Amino acid sequence: MVAKVIVNPVAGARSTEQKWPHISRLMRDMGFSYDFQYTESQGHAIEIARTAALNGYPYLVAVGGDGTINEVVNGILTASQDQKTLMGVVDTGTGNDFVRSLGLDGNYLHSCQHLLSPKHTQVDAGLVTFQKDGRKVSRFFVNGAGVGFDAEVAAATEHMPKALGGTIPFVMALAKTLVGYRNKTIDIRLDTDDYTRRVLSVIVANGSYFGGGMKIAPSALITDSRFDVITLGDVNKLEILQTFPKIYKGTHITHPKVKTEHARFVSITSGEGLYLQADGELLGKTPATFEVLPQALTMVF
């Protein structure tokens, strides 16, 4: 079996290009049969992965960060959703949130050693439909998506120096966004139940982590065919600062204004278009719907 390895050389603050020779030697020494291709721009990994899946590659491996993983997932699922294409990850990014949700340690050398694992696990994905440039667009995600403050932070993070790693740019962007952000009133549907809420953020979680190691949804499982929907309610800035450190341990869910619910379908609308992020990538704005796709991907880890 020959795998297609998709390498994002600029992932991990442009460190992946330096890591790749070591990774490729380790793969060869392991007896891993593959060919590879570098991505050249944002969105290119979707095109490479889709073409590879359509051309019959049985196994695709993403070498990069959460954004690269997201693009490879989108390439696989836009080619076919029959679960025949295997997917592996060698995480060389700054956030490492998806591999944490898989239960891996984020060490890219350890990730290589998992590529020949006989363990194949079917994991859920999500499909989000949203507004971008006045039209309706859909995108797959695997770790989580969010509306509100977290998406505003994602927008600010894009302008932070990536050389500082995954957590520090996120915290810097969070502090910058916090200064001027105001909570939003939204209408949210969870399966068939409708609510109007004043919120800081709503996180539609497939995996447990986001933001470079924050355990935002501590009970989320990527194999349970449902989302954990975390609503951060109408908290003030002092409450945010007091609660923020607890997110890394997942103990923020005990706060009375933090609500954890479960749903297979989520719809969010607002009187104003709110920013939306998925797997840490800024995508567009609300209105948005989120649908879980049970056992959509077959992962090797």
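Analyst: A residue is called buried at under 20% relative accessible area, exposed at over 50% and partly exposed in between, with a 1.4 Å probe and protein chains only. The structure above is a predicted model in which local features need pLDDT of at least 70 and side-chain atom pairs count only at pLDDT 80 or more, while totals for chains, interfaces and linings use all residues. Residues are numbered from 1 along each chain as its sequence is written, and side-chain values use heavy atoms, with hydrogens and water left out.

User: Why is Arg189 called partly exposed?

Analyst: Arg189 has a relative accessible area of 36%, and because this value falls between the limit for buried and the limit for exposed, the residue is partly exposed.

User: How many salt bridges does the structure hold, and what makes Asp35 and Lys4 one of them?

Analyst: The structure holds seven, and among them is the pair of Asp35 and Lys4, whose N to O distance of 3.6 Å lies inside the limit. Asp35 belongs to strand β2 and Lys4 to strand β1 (residues 3-7), so this pair ties together parts that are 31 residues apart in sequence; helices (H or I, at least four residues) and strands (E, at least two) are DSSP runs, numbered from the N terminus.

User: What makes Lys184 a charge over the ring of Tyr181?

Analyst: A charge sits over a ring if NZ of Lys or CZ of Arg is within 6 Å of the ring centre and within 35 degrees of the ring normal. Lys184 lies over the face of Tyr181 at 5.1 Å from the ring centre, and Arg197 lies over the face of Tyr195 at 4.4 Å, so both distances fall inside that limit.

User: Why do β8 and β13 count as paired strands?

Analyst: Two strands pair if DSSP finds at least two bridges between them, and β8 and β13 are joined by five, in the antiparallel sense. In β13, Ser267 is the bridge partner of Arg189. Strands β13 and β15 also pair in the antiparallel sense, over four bridges, and Ile268 stands opposite Ala288 in β15.

User: Why is the pair of Phe32 and Tyr59 called edge-to-face?

Analyst: Rings of Phe, Tyr and Trp (its six-membered ring) pair if their centres lie within 6.5 Å, and planes under 30 degrees apart count as stacked, over 60 as edge-to-face and the rest as tilted. The whole structure has eight aromatic pairs, including Phe32 and Tyr59, whose centres are 5.8 Å apart and whose planes stand at 90°, and therefore the name applies. Phe32 is in the loop between α2 (16-30) and β2, and Tyr59 is in strand β3, 27 residues apart; both residues are buried.

User: Which name does the pair of Phe149 and Tyr181 receive, and why?

Analyst: The ring centres of Phe149 and Tyr181 are 5.1 Å apart and the planes are at 70°, so this pair is edge-to-face too. Phe149 is in helix α7 (residues 149-157) and Tyr181 in the loop between α8 (167-180) and β8, 32 residues apart, and both are buried.

Terms used: A salt bridge is a side-chain nitrogen of Lys or Arg within 4 Å of a carboxyl oxygen of Asp or Glu.
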